[in-house]
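I opened this entry to keep a record of what I looked up, in the order in which I went through it.

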Amino acid sequence: MERRIFLNKPFTFFQLILSLGIFSYTFFTFGWIASYLMLEDNWSEMLIFSKDAMTPRDISDLDKLIYGFQHAPLAVTILMIVSFLYALCLIVLILRRILLTNYQPTN
């Protein structure tokens, strides 16, 4: 049986930690960019979900995310989404491997 290097358990966990680290960094960067919405002069005109906001503290997180998607560099947004999906696939792969190895059919 041929063993592939990307399916080795330590390498899979390394990939998971690396992809979660990349996701955390890009999510932090994306959140930082999204928080600049309240610093705009016309921030109340950019709101979609919280139109009745009186102060910048009343801005909903969805409005900040939309602002972040509009103003973040495309590379940060794509890297954040891809690293999240890759980490999700790795988690499913690890859980599937754990559940399949622990499952013993009874006769």
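My notes on surface, core and helices follow.

I am working with a predicted model, in which local features need pLDDT of at least 70 and side-chain atom pairs count only at pLDDT 80 or more, while totals for chains, interfaces and linings use all residues. Residues are numbered from 1 along each chain as its sequence is written, and side-chain values use heavy atoms, with hydrogens and water left out.

**Surface.** I looked up the nonpolar patch and found that Ile-48, Phe-49, Leu-62, Leu-65, Phe-69, Ile-81, Phe-84, Leu-85 and Leu-88 form it, with about 840 Å² of accessible area together. A patch takes residues with over 30% relative accessible area and no salt bridge, joining nonpolar side chains (Val, Leu, Ile, Met, Phe, Trp, Tyr) within 5 Å and like charges within 9 Å; a salt bridge is a side-chain nitrogen of Lys or Arg within 4 Å of a carboxyl oxygen of Asp or Glu. Areas are by the Shrake-Rupley method with a 1.4 Å probe, and for residues only the protein chains shown count as cover. Helix H2 (61-71) and helix H3 (74-102) are the elements that give two or more residues to the patch, and H3 gives the largest share, four residues. Helices here are DSSP runs (H or I, at least four residues), numbered from the N terminus. I checked Ile-81, which is found in H3, and Ile-81 counts as partly exposed because its relative accessibility is 40%, the classes being buried under 20%, exposed over 50% and partly exposed in between.

**Core.** I noted that the largest nonpolar core has six residues, Leu-37, Trp-43, Leu-47, Ala-53, Ile-59 and Tyr-67; such a core is a set of buried Ala, Val, Leu, Ile, Met, Phe, Trp, Tyr and Cys residues joined through side-chain atoms within 4.5 Å. Leaving aside neighbours within four places in sequence, Leu-37 has contacts (heavy atoms within 4.5 Å) that include Trp-43, Met-46, Asp-63 and Tyr-67.

**Helices.** In H2 I found Asp-63, Tyr-67 and Gly-68 buried. These fall within an arc of 140° seen down the axis of H2, so they line one face of the helix, the arc being that of the directions from the helix axis to the C-beta atoms. Helix H1 (9-34) is included in what covers them.

In H1 I looked up Ser-19, which is buried at 4% relative accessible area and, beyond neighbours within four places in sequence, is in contact with Ser-83, Tyr-86, Ala-87 and Leu-90. Phe-27 is also placed in H1 but is partly exposed at 46%; Phe-27 and Met-80 are 53 residues apart in sequence and 6.3 Å apart in space, C-alpha to C-alpha.

Terms used
Buried means under 20% relative accessible area, exposed over 50%, partly exposed in between (1.4 Å probe, protein chains only).
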